[in-house]
Amino acid sequence: MTCCRPPLAVRPREAPLRAATEITAALREDALTPLPVHSFTLDDVALAHEAVENGLVGKAVLDLR
C-alpha cells in the first residue's frame, strides 16, 4: 500500500518553511522590489487615510516630526 502526503493545507507546519524557501530564492534572483513609500505629515492624515482607502500602492507613512 502506497501512502501519499496530505496537501499543504493539511500540513500547516510546513507552510512557513516553504514560504521562507521561496522568498529566499526570489531575493537571490532580485525578483522582489520594495514598495514605494508615501510620506504624509500629521496635518495631512485625512489625505493619507483617503489614499489608503483608494488603493494606494506602497506604504503610507505619517511623519510625526
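This is a predicted model: local features need pLDDT of at least 70, side-chain atom pairs count only at pLDDT 80 or more; totals for chains, interfaces and linings use all residues.
Buried means under 20% relative accessible area, exposed over 50%, and partly exposed in between (1.4 Å probe, protein chains only). With that in hand, welcome to the close-ups.

View 1. Residues are numbered from 1 along each chain as its sequence is written, and side-chain values use heavy atoms, with hydrogens and water left out. Helices (H or I, at least four residues) and strands (E, at least two) are DSSP runs, numbered from the N terminus. Of the 65 residues, 6% count as buried. The protein exposes about 6,000 Å² (Shrake-Rupley method, 1.4 Å probe), and carbon and sulfur atoms supply 60% of that area.

**View 2. In helix α1, Glu22 pairs with Arg18 in a salt bridge.** The term stands for a side-chain nitrogen of Lys or Arg within 4 Å of a carboxyl oxygen of Asp or Glu. Here the closest N and O atoms are 3.2 Å apart. Both residues lie in helix α1 (residues 14–28), four residues apart, or about one turn of the helix. Glu22 is partly exposed at 49% relative accessible area, and Arg18 is partly exposed at 44%.

**View 3. Asp63 forms a salt bridge with Arg65.** Their closest N and O atoms are 3.2 Å apart. Asp63 is partly exposed, with a relative accessible area of 27%, whereas Arg65 is exposed, at 88%. The count for the protein comes to two salt bridges.
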